[in-house]
Amino acid sequence: TGDEWGLSPESSRAVAPRPVEASILRDTFSRQHTYLRISLTERCNLRCTYCMPAEGVSLTPGAHLMSTPELARVARLFVAAGIR
């Protein structure tokens with residue numbers, strides 16, 4: 001379940017944003033990011049070579065994807081941490 005992460009529907013209350021913590025969202029090159037992009041589908045038709053090579057990729061089974069309430073909760077948690 002998602003309860004241990006605060007992802008249950010009952011925990012989906014609004015949270016007030018706060019300043020971004022220095023290391024909350026850093027990539028492997030130590031660049032700090034202040035925004036979050038959430039992809040809602042793997043079925044993109046842009047065919048970018050880094051995520052959708054010409055030979056294709058295996059798509060994740062639907063049962064392994066996050067639900068809409070889980071995605072909304074994760075987004076709220078990042079906003080609460082100051083991420084746009």
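Helices (H or I, at least four residues) and strands (E, at least two) are DSSP runs, numbered from the N terminus. The model is predicted, so local features need pLDDT of at least 70 and side-chain atom pairs count only at pLDDT 80 or more, while totals for chains, interfaces and linings use all residues. Residues are numbered from 1 along each chain as its sequence is written, and side-chain values use heavy atoms, with hydrogens and water left out.

**Exercise 1. Find Ser30 and describe its backbone and its exposure.**

Step 1: Look in the segment before H1, where Ser30 is found.
Step 2: Read its phi, which is near 65°, a positive value in a residue other than glycine.
Step 3: Apply the exposure classes: buried means under 20% relative accessible area, exposed over 50%, and partly exposed in between (1.4 Å probe, protein chains only). Ser30 has a relative accessible area of 52%, so it is exposed.

**Exercise 2. Compare the span of helix H1 with the expected one.**

Step 1: H1 covers residues 68-80, which makes 13 residues.
Step 2: The expected span is 1.5 Å times one less than the number of residues.
Step 3: From first C-alpha to last, H1 reaches 18 Å, close to the 18 Å expected.
Step 4: Now look past the helix: Gly82 follows H1 and has a positive phi, near 95°.

**Exercise 3. Trace the surroundings of Leu71.**

Step 1: Take contact as heavy atoms within 4.5 Å. Leaving aside neighbours within four places in sequence, Leu71 is in contact with Ile38, Leu40 and Met66.
Step 2: Pick Leu40, which is 31 residues from Leu71 along the chain; their C-alpha atoms are separated by 8.7 Å.

**Exercise 4. Find the salt bridge and say how exposed its partners are.**

Step 1: Recall the idea: side chains of opposite charge can pair when their charged atoms come close.
Step 2: Use the rule, a side-chain nitrogen of Lys or Arg within 4 Å of a carboxyl oxygen of Asp or Glu. The count comes to one salt bridge.
Step 3: Name the pair: the side chains of Arg31 and Asp27 meet at 2.6 Å, N to O.
Step 4: Check each partner. Arg31 is partly exposed because its relative accessible area is 47%. Asp27, at 22%, also counts as partly exposed.
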